[in-house]
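Work through the exercises below with the sequence and the coordinates at hand. Each task is followed by a solution in steps.

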Amino acid sequence: MSLTFSVGDLTIHRVIEQEAPFFAALEFLPGLTPEVLAENRAWMKQAKALDDNDVLMLCFQSYVVKTPHHTILIDSCVGNDKPRPQRPAWHMKTDDTYLRALGDAGVSVDDIDFVMCTHLHVDHVGWNTWLENGRWVPTFPKARYLFARQEFDYWSEQNAKAPVPPFVDSVLPVVEAKRHELVSNDHQIGDHVRILPTPGHTPGHVAFTFGRGKDDAVFSGDLMHSPLQTLYPELSIKFDVDQAQAAKTRRSFLERYCDTDTLCCTAHFPSPSSGKIRRKGNAFVCAAV
Ligand SMILES: [Zn+2]
């Protein structure tokens, strides 16, 4: 399996932390009926998007993108040593999978110029920080960490009501270290990196588009989690903060990139996790390249 893609003048590396059966399909997608699942079971199993127990396979990964000017890490997965008692596979884990995968991509923590989070959920901010002498400090010491202002403000408010552990241990220490930038949706990095607002999963969720003059690649974060949602864009997941808005965002995103050359790099689709959006009937597929 190739973990590297080249598009335009970009090189994209996948850095995988975990890939496993994770959520029961019928529970994760409240709008999914047993009948629709049955109609789609065969191809989903073949694509390794569904296991024998109707549990959806999810990948948890970062993307490292090298532009002619910068090395950028998109989303930072789960992290180590973090108390996540509700998720045994993530709770206080100490494996070296992620850092080894980063090394396999040919980069060290010192090489990252920017860390960009599509949103601030637990599985997208974890490696923002690691433990040093008992304190959470930025894992990527030379990086500027870009957070969408609207997303940051939303989680600040939530955290003020009741502590949100991933915000406390994986976002606020970056702010304390003054390595962060709160950016609005018109923010760009050079002529290669832009923000595409994609609200619904969270209020300030964004996708990132890369490429000079055109979108050679787009990183879609959590605006969809399973290839089933390209065929049924109306299916939102139970964790989408606004399920109706998420469905609308999903369809307009798929329509925007349908039948273009843009490589769509999803956060959670099973490997290869990326492809080109193609029309199928009144919906879409993400076709591997
Ligand atoms: Zn996620």
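## Overall layout

The protein contains 9 helices and 16 strands. The model is a predicted one.

**Exercise 1.** Decide whether the radius of gyration of the protein agrees with that of a compact globule.

*Solution.* 
- Step 1. For 289 residues, a compact globule would have a radius of gyration near 19 Å.
- Step 2. The value for the protein is 18 Å, which agrees.
- Step 3. As a further description, the C-alpha trace spans about 55 × 45 × 35 Å along the principal axes, and buried residues account for 55% of the 289 residues.

## The zinc site

**Exercise 2.** List the protein donors of the zinc ion, and classify the site from the angles among its donor atoms.

*Solution.* 
- Step 1. The donors are Asp 123 (OD), His 124 (NE2), Asp 222 (OD) and His 268 (NE2), at 2.1 to 2.2 Å from the zinc ion.
- Step 2. Along the chain, the donors have the spacing D-H-x97-D-x45-H.
- Step 3. Within this set, Asp 123 belongs to helix α4 (residues 122–125), while His 268 is in the loop between β14 (263–266) and β15 (274–280). The pair links distant parts of the chain, 145 residues apart.
- Step 4. Both Asp 123 and His 268 are buried.
- Step 5. The 4 donor atoms make angles of 87 to 163 degrees. Four donors count as tetrahedral only if all angles lie between 85 and 135 degrees. The site of the zinc ion is classed as irregular.

## Strands

**Exercise 3.** Determine whether strand β8 is largely enclosed, and find the strands that it is joined to.

*Solution.* 
- Step 1. Strand β5 (residues 114–116) runs parallel to β8 and is joined to it by 3 bridges. Met 116 has Leu 146 of β8 as its bridge partner.
- Step 2. Strand β9 (residues 180–183) is also parallel to β8, with 4 bridges between them. Here Phe 147 is opposite Leu 182 of β9.

**Exercise 4.** Which strands stand at the edges of the open sheet of 7 strands?

*Solution.* 
- Step 1. The order in this sheet is β10-β11-β12-β13-β14-β15-β16, with mixed pairing.
- Step 2. The edge strands are β10 (188–189) and β16 (283–287); each has a single partner strand, so one side of each lacks a neighbour in the sheet.
- Step 3. Inside the order, β14 and β15 run antiparallel and are joined by 2 bridges. Cys 265 is opposite Ser 274 of β15.

## Aromatic rings

**Exercise 5.** Classify the ring pair of Phe 22 and Trp 90, and describe the surroundings of Trp 90.

*Solution.* 
- Step 1. The structure has 15 aromatic pairs. In the pair of Phe 22 and Trp 90, the ring centres are 5.4 Å apart and the planes are at 25 degrees, so the pair is stacked.
- Step 2. Phe 22 is in strand β2 (residues 10–24) and Trp 90 is in the loop between β4 (71–74) and α3 (97–104), so the pair ties together parts 68 residues apart in sequence.
- Step 3. Ring pairs connect Phe 22, Phe 23, Phe 28, Phe 60, Trp 90 and Phe 239 into a cluster.
- Step 4. Trp 90 has 4% relative accessibility and therefore counts as buried.
- Step 5. The charged end of Arg 87 lies over the ring of Trp 90, 5.9 Å from its centre.
- Step 6. Elsewhere, Lys 82 is over the face of Trp 136, 4.5 Å from the ring centre.

How values were computed. Residues are numbered from 1 along each chain as its sequence is written. This is a predicted model: local features need pLDDT of at least 70, side-chain atom pairs count only at pLDDT 80 or more; totals for chains, interfaces and linings use all residues. Side-chain values use heavy atoms; hydrogens and water are left out. Buried means under 20% relative accessible area, exposed over 50%, partly exposed in between (1.4 Å probe, protein chains only). Two strands pair if DSSP finds at least two bridges between them. Donors are N, O and S atoms within 2.8 Å of the metal (3.2 Å for Na, K and Ca); water is not among the atoms, so sites may look incomplete. Four donors count as tetrahedral if all angles lie between 85 and 135 degrees; four count as square planar and six as octahedral if opposite donors are over 155 degrees apart and all others between 65 and 115; anything else is irregular. Rings of Phe, Tyr and Trp (its six-membered ring) pair if their centres lie within 6.5 Å; planes under 30 degrees apart count as stacked, over 60 as edge-to-face and the rest as tilted. A charge sits over a ring if NZ of Lys or CZ of Arg is within 6 Å of the ring centre and within 35 degrees of the ring normal. The radius of gyration is taken over C-alpha atoms; the globule rule is 2.2 Å times the number of residues to the power 0.38.
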